[in-house]
Amino acid sequence: QVQLVESGGGLVQAGGSLRLSCAASGSIFLMYTMGWYRQAPGKQRELVATATSGGSTNYADSVKGRFTISRDKNTVYLQMNSLKPEDTAVYYCHARLRDAYWGQGTQVTVSS
C-alpha cells in the first residue's frame, strides 16, 4: 500500500523560506505525477505545484517565481521562498500512478 509521508512545515515570518518534503513508500514503480496542494481555512483545496516523472513541472500563478518543485524518484520537494501570509494553509502531498494518493498534510503558517 502506498503511503506519503510529509515533513517540513512550520511557522515562518513573511519573506522567509520553508522546504517541504514528501516521500512515497510502498511502490516499486515510479509515480507518474507528484506534487503539492494546499487548503486554507474556509477555502477549497488548490494546486500549488506538480512534477511528472518526465521532468515537466506546473505551478499555480500565485506561487510562480517564489516556489520550486523538484523530485528525486519517489520523493518530492517544495522549496518555498518569499513566503506571504496568504500562503498560510495545510499543504498536502499528492501522487498519482494508476490511483491517486494523498498525504496527511503539514501546516504552513506565515506571520505578517
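Guide: Contact here means heavy atoms within 4.5 Å. This is a predicted model, in which local features need pLDDT of at least 70 and side-chain atom pairs count only at pLDDT 80 or more, while totals for chains, interfaces and linings use all residues. Residues are numbered from 1 along each chain as its sequence is written, and side-chain values use heavy atoms, with hydrogens and water left out.

Visitor: Which residues does His94 touch, then?

Guide: Leaving aside residues up to four places away in sequence, His94 touches Leu4, Thr33, Met34, Gly35, Tyr37, Ala100, Tyr101 and Trp102. His94 itself lies in strand E9; strands are DSSP runs of E with at least two residues, numbered from the N terminus.

Visitor: Is His94 buried or exposed?

Guide: His94 counts as buried because its relative accessibility is 7%. Buried means under 20% relative accessible area, exposed over 50%, and partly exposed in between, with a 1.4 Å probe and protein chains only.

Visitor: How many residues of E9 are buried?

Guide: Six of the eight residues in E9 are buried, so the strand is mostly covered.

Visitor: Which strand does E9 join through seven bridges?

Guide: That strand is E4, and E4 and E9 run antiparallel. Two strands pair if DSSP finds at least two bridges between them. Within E9, Cys93 stands opposite Trp36. E9 also pairs with E11 in the antiparallel sense, over three bridges, and there Tyr91 has Thr106 as its bridge partner. With strand E10, residues 100-102, E9 forms three antiparallel bridges, including the one between Ala95 and Tyr101. E9 and E10 make a hairpin with three residues between them.

Visitor: What about the open sheet; in which order do its four strands stand?

Guide: The order is E1-E3-E8-E7, with antiparallel pairing. Strand E1 (3-7) and strand E7 (67-72) are at the edges with a single partner strand each, so one side of each lacks a neighbour in the sheet. E3 (residues 18-25) and E8 (residues 75-80) are joined antiparallel by six bridges, and Cys22 stands opposite Val76 in E8.

Visitor: On to the largest nonpolar core: which residues touch the most other members?

Guide: They are Trp36, Leu78, Met80 and Tyr91, out of 29 residues. Elements giving two or more residues to this core include E3, E4, E5 and E9. A nonpolar core is a set of buried Ala, Val, Leu, Ile, Met, Phe, Trp, Tyr and Cys residues joined through side-chain atoms within 4.5 Å.

Visitor: How many aromatic pairs does the structure hold?

Guide: There is one aromatic pair. Tyr37 and Trp102 form it edge-to-face, at 5.1 Å centre to centre and 70° between the planes. The pair links distant parts of the chain, with Tyr37 in strand E4 and Trp102 in strand E10, 65 residues apart. Rings of Phe, Tyr and Trp (its six-membered ring) pair if their centres lie within 6.5 Å; planes under 30 degrees apart count as stacked, over 60 as edge-to-face and the rest as tilted.

Visitor: What sits over the ring of Trp102?

Guide: The charged end of Arg45 does, 4.7 Å from the ring centre. Such a charge is NZ of Lys or CZ of Arg within 6 Å of the ring centre and within 35 degrees of the ring normal. Arg19 likewise lies over the face of Tyr77, at 4.2 Å from the ring centre. Trp102 counts as partly exposed, at 39% relative accessibility.
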